[in-house]
Amino acid sequence: MNLHEYQGKELLSSFGVRIQRGIVAQSADEAVSAAKQLTEETGTGWHVIKAQVHAGGRGKGGGVKLAKNLDEVKELAGQIIGMNLVTPQTSAEGKKVHQVLIAEDVYYPGDNEPEEYYMSVLLNRANGRNMIMYSTEGGMDIEQVAEETPHLIFTEEIDPALGLLPFQARRVAFNLGLSGTAFKEMTKFVSALYMAYVKSDASLFEINPVLKTSDDKIMAVDSKVTLDGNALFRHKDLAALRDKREENPIEVEAGELGLNYVDLDGNVGCMVNGAGLAMATMDLIKQAGGEPANFLDVGGTADAARVEAAFNIILKDPNVKAILINIFGGIVRCDRVAQGVIDAYKNIGDISVPIIVRLQGTNADIAKELIDNSGLDVLSATEFQEAADKVQEVLS
Ligand code: GDP
Ligand code: MN
């Protein structure tokens, strides 16, 4: 589950990470009150207006603007709220902006120039350890830095038994070229950031940029936080931060029905019991020359109600040109699944795409007979290859 920038910053702040202060607003008027309040609290005269959507690169897309007075706050907030923000990380249609963060301007002039760094904490899946990845090249795409100047990206691996050690936090500050106050600030920043990551069961905290202000404070100007969905049951407060408006609506609906569904770009919908078989089925579709339109694991009990719910979810995707049902009857009997498919088909009524059903396992032969005699536009198969051939047939 992803958080908005403002939610991520509040979370960071609760662990003692210094952040660029801000207040979220749903309208231009709320933006003005937020700006006034920030001026009272921080003394800032300038404010940044930042679109709150689950996508990075907002600055490039016009979703981050500097306002030098309250009139500009009102005007810019009014422009950004309601816009369809297109960034390098969104689709061409962009994402609708429902709210903005009004933040204090922290790039104020002073003794030194403000400097931007990159920092993230994430799980290194190659060795199952958390690591801190950081760079002197902040504020730009880290992918681009990785490609063009990989020697400017540093990593610090964390031993799960020892946690982040003080010398590691100091090494981060050293590699970023800091000294004096900024050095001390950075070691505190890194330790608090790592604590926030661990304690909230996150899989990613990305702060780009981390800012060194002109008066040597180190703070988070942006935040991208991904929490481990499987750990949310023990973080009720964090689970409540979910913003379903930012998620794929079909996936949200499938989740509510208890189906494991991931939307993909292809044209063959699939309905499978078991995640492993679902992965194999996607390979099968590719091999047959198609592209999977989704990953869908209906779970162990593929009864008529679930099959019908799954059909309805798959059919919401307009790209689907065929549906492949691949069920292994281990605990469930294939004939019951077959009857479920037939009943669901009749209930829904107007399924216009061909359906290929492969049922294998207990009572597979009876199931095939049921499907073949149903009179519906449903092709049956018992072997994997047979199913693949039939997918190819209906696509061509
Ligand atoms: P992103 O584009 O989605 O990654 O959004 P960011 O939160 O990183 O903001 C984009 C850019 O806005 C940053 O890289 C900064 O250069 C700029 N920015 C953010 N906060 C301030 C601020 O307080 N003052 C000024 N002048 N620029 C800011
Ligand atoms: Mn950023």
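Colleague: Which residue is the bridge partner of L123 in β8?

Modeller: Please bear in mind that this is a predicted model. Strand β7 (residues 115–124) and strand β8 (residues 129–135) run antiparallel and are joined by 7 bridges. Within this pairing, the partner of L123 in β8 is N130.

Colleague: Which residue in the hairpin of β7 and β8 takes a positive phi?

Modeller: The hairpin has 4 residues between its strands. The residue there with a positive phi, near 70°, is G128.

Colleague: Which residue in β10 does M119 stand opposite?

Modeller: Strand β7 is also joined to strand β10 (residues 202–212), by 7 bridges, and the two run antiparallel. In β10, the residue opposite M119 is I207.

Colleague: Which element supplies the largest share of the largest nonpolar core?

Modeller: The largest nonpolar core has 37 residues, and L12, M119, M186, F189, L193 and F205 are those with the most contacts inside it. Elements that each supply at least two of its residues include α1 (5–14), β7, β8, α5 (166–175) and β10. The largest share of this core, 9 residues, comes from α6.

Colleague: What separation do the C-alpha atoms of L11 and S200 have?

Modeller: L11 lies in helix α1 and, at 10% relative accessibility, counts as buried. Not counting residues up to four places away in sequence, L11 touches L3, S200, F205 and L238. L11 and S200 are 189 residues apart along the chain, while their C-alpha atoms are separated by 8.7 Å.

Colleague: Where is D201, which has a positive phi although it is not a glycine?

Modeller: Most residues other than glycine have a negative phi. D201 has a positive phi of about 50°. Its place is in the loop between α6 and β10.

Colleague: Is N363 buried, partly exposed or exposed?

Modeller: N363 lies in the loop between β17 (355–361) and α12. N363 has a positive phi of about 60° and is not a glycine. Its relative accessible area is 26%, so N363 is partly exposed.

Colleague: Is α11 roughly parallel or roughly antiparallel to α12?

Modeller: The axes of helix α11 (residues 334–348) and helix α12 (residues 364–372) come within 7 Å and cross at roughly 20°. Angles under 35 degrees count as roughly parallel. The crossing angle therefore makes the relation of α11 to α12 roughly parallel.

Colleague: Which residues of α12 make the contact with α11?

Modeller: The crossing of the two helices α11 and α12 is right-handed. From α11, the contact is made by C334, D335, A338, Q339 and I342. From α12, the residues are A364, I366, A367, L370 and I371.

Conventions: Residues numbered from 1 in each chain as written. Chains lettered and ligands numbered in written order. Predicted model: local features only at pLDDT ≥ 70, side-chain atom pairs only at ≥ 80, totals over all residues. Heavy atoms only, no water. Buried < 20%, exposed > 50% of the residue type's maximum accessible area, 1.4 Å probe, protein only. Pairing = 2+ DSSP bridges. Core = buried A, V, L, I, M, F, W, Y, C linked by side-chain atoms within 4.5 Å. Axes fitted to C-alpha atoms, helices over the stretch in contact; angles between N-to-C directions. Parallel < 35°, antiparallel > 145°, perpendicular 65-115°, else oblique. Left-handed = near helix turned anticlockwise from the far one by under 90°. Contact = heavy atoms within 4.5 Å.
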